Amino acid sequence: MEQDPAVESGLDTFSLILPLPYRIAVIFVLGLWAWGINLHYLFILKIDVPALIKYHTRVSSSIPPHHQRTYRLAATVTIPLIVSILFFWLVTRGDSSLVRAWDILPQSFLFLLAVFFFVPIQRLSRAGRYRFLATLKRVSIGGIAEADNGKFGDILLADVLTSYAKVLGDLFVSTCMFVSPGASSTDKPDRSCGGAYMVPLIISIPSLIRLRQCLIEYQRVRKHPTSSSGWGGQHLANALKYSSAFPVIILSALQRGTNPNDIGMSEAGLFRLWLFFVFVNSFYSFYWDVAKDWDLTLFCPASVRNNPEHPWGLRRHTHFHAKEMYYGAIVIDLMLRCTWSFKLSPHLDHFNDLEGGIFVMEFLEVLRRWMWIFFRVETEWVRTNRCLIPDDVQLGDVNGYKDNSLSSDFPK
């Protein structure tokens with residue numbers, strides 16, 4: 001195979017301006033701002049996100065709303081990030097040797113970012129950060145709370161982690177290069193650092209987390225079935241969706257670090273097999289976003305999809321006033337789902353001579369997840385308030401079409 005430019009010598013212009021550790025930091029900080037905007041706009045729509053995720057509510061009107069505290073935390077980490085980048089530019093002046101020599105600056109900011117979440121600074125929403133870390137600890141091993149104890153928050157966080165899969169892989173690469181003798185974390189990223197299969201393993205962890213959560217939910221339904229939950233098949237279907245990411249990652253790793261002849265396949269055959277699973281993962285995920293996570297009727301039978309009580313392909317009860325917002329979200333989700341599945345693949349680094357292309361795709365996936373959260377939370381709010389379908393129609397039965405996804409207990 002051709003030499004991977006990801007480990008070739010020389011830095012492109014984008015890497016001179018924004019080395020890998022800074023790109024990781026920017027993506028994480030942007031995600032924090034995005035969450036604040038999620039909370040803010042949903043607050044304006046009178047959707048109580050803290051109530052949905054079982055987070056403590058404000059006991060006094062003098063306490064700032066949750067989105068304001070999120071903005072404060074985001075601003076607190078943004079200011080030192082800007083200062084660090086400006087100082088890095090000042091001392092390196094675009095010189096590649098100096099960029100490599102000063103990797104301590106961007107790498108130290110990543111350490112500082114972790115400190116902001118672990119050190120109990122009172123002014124930085126200590127209770128909120130403790131709640132986040134407790135949730136992250138539970139979610140990191142695939143755990144999930146009960147429905148009345150923050151399950152929805154666990155699902156949201158785990159799904160966000162799947163969008164950060166590539167960023168988490170880059171975080172490992174950056175740290176590995178920083179501690180490797182003779183290497184620099186600001187050099188051209190060596191995505192084989194730590195072994196050919198270490199980065200693919202890191203990238204697969206978020207999907208493994210969601211897979212285990214789905215299986216836990218399935219076991220709960222089997223032990224305590226209800227009329228709305230059915231036998232748990234929806235949880236298995238959801239688990240299958242996350243499992244569809246593994247062939248993409250595994251085949252990518254094989255294309256990157258293995259001679260196809262060693263496994264009895266041609267390079268073209270291995271690529272076609274990988275491409276097949278890319279499309280399966282992309283369109284399965286897109287279908288689930290629209291039909292299950294957002295409860296839209298686009299993929300329902302015509303009698304449901306064309307129901308005059310709601311716009312075509314949507315649903316009766318919505319909180320976003322313009323139907324064009326839903327249609328736009330569907331189109332954007334489809335486009336970015338397909339693109340992100342390609343970018344989930346480590347071996348495609350050699351199609352990107354500029355690291356800026358990889359950064360843009362990671363940014364677009366965070367943007368897609370930010371958009372997804374608006375509609376996912378709105379859907380959960382509708383389900384929770386039991387207003388998704390008319391009161392005279394049995395929950396989950398619309399025009400004779402049985403759909404357990406309309407249940408507030410439906411697996412995510």
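**A first walk through the model**

Modeller: Let me start with residues 20-44, a span that is 100% helix and 0% strand, with end C-alpha atoms 36 Å apart. One note on the source: this is a predicted model, where local features need pLDDT of at least 70, side-chain atom pairs count only at pLDDT 80 or more, and totals for chains, interfaces and linings use all residues. Residues are numbered from 1 along each chain as its sequence is written, and side-chain values use heavy atoms, leaving out hydrogens and water.

Colleague: Where does UniProt place the "transmembrane region" feature?
Modeller: The unreviewed UniProt entry puts it at residues 20-44, 73-92, 104-121 and 270-288. Positions follow the numbering used here, feature names are shortened, and annotations may be inferred rather than shown by experiment. In the model, residues 73-92 are 100% helix and 0% strand, and their end C-alpha atoms lie 29 Å apart.

Colleague: How many helices and strands are in the protein chain?
Modeller: The protein chain has 16 helices and two strands. Both kinds are DSSP runs numbered from the N terminus: helices are H or I with at least four residues, strands are E with at least two.

Colleague: And how much of the chain is buried?
Modeller: Of the 412 residues, 52% are buried. Buried means under 20% relative accessible area, exposed over 50%, and partly exposed in between, using a 1.4 Å probe and protein chains only.

Colleague: Why is helix 8 called largely enclosed?
Modeller: Because 12 of its 13 residues are buried, helix 8 is largely enclosed by the rest of the structure. Helix 8 covers residues 151-163 and reaches 19 Å from its first C-alpha to its last, close to the 18 Å expected at 1.5 Å a residue. That expected span is 1.5 Å times one less than the number of residues.

Colleague: What about the largest nonpolar core, which residues have the most contacts inside it?
Modeller: Those are Y22, I27, V77 and L81, in a core of 37 residues. Helix 2 (20-44), helix 4 (66-92), helix 6, helix 9 (165-179), helix 10 (198-223) and helix 16 (355-384) each supply at least two of its residues. Helix 2 gives the most, with eight. A nonpolar core here is a set of buried Ala, Val, Leu, Ile, Met, Phe, Trp, Tyr and Cys residues joined through side-chain atoms within 4.5 Å.

Colleague: Which residues does I27 touch?
Modeller: Leaving aside neighbours within four places in sequence, I27 is in contact with Y164, V167, F359, E362, F363 and V366. Contact means heavy atoms within 4.5 Å. There is also a second, separate core of 26 residues, including V49, W294, M371 and V377.

Colleague: Changing topic: is D295 buried or exposed?
Modeller: D295 counts as buried because its relative accessibility is 3%. D295 sits in the loop between helix 13 (267-293) and helix 14 (302-305), and its side chain makes a polar contact of 2.7 Å with that of R383. A polar contact is a pair of N or O atoms within 3.5 Å; within protein, one must be able to donate a hydrogen and the other to accept it, and residues adjacent in sequence count only if both atoms are side-chain atoms. D295 has a positive phi of about 55° although it is not a glycine.

Colleague: And K46, where is that found?
Modeller: K46 is in the loop between helix 2 and helix 3 (49-52). K46 is exposed, with a relative accessible area of 69%, and has a positive phi of about 65° although it is not a glycine.
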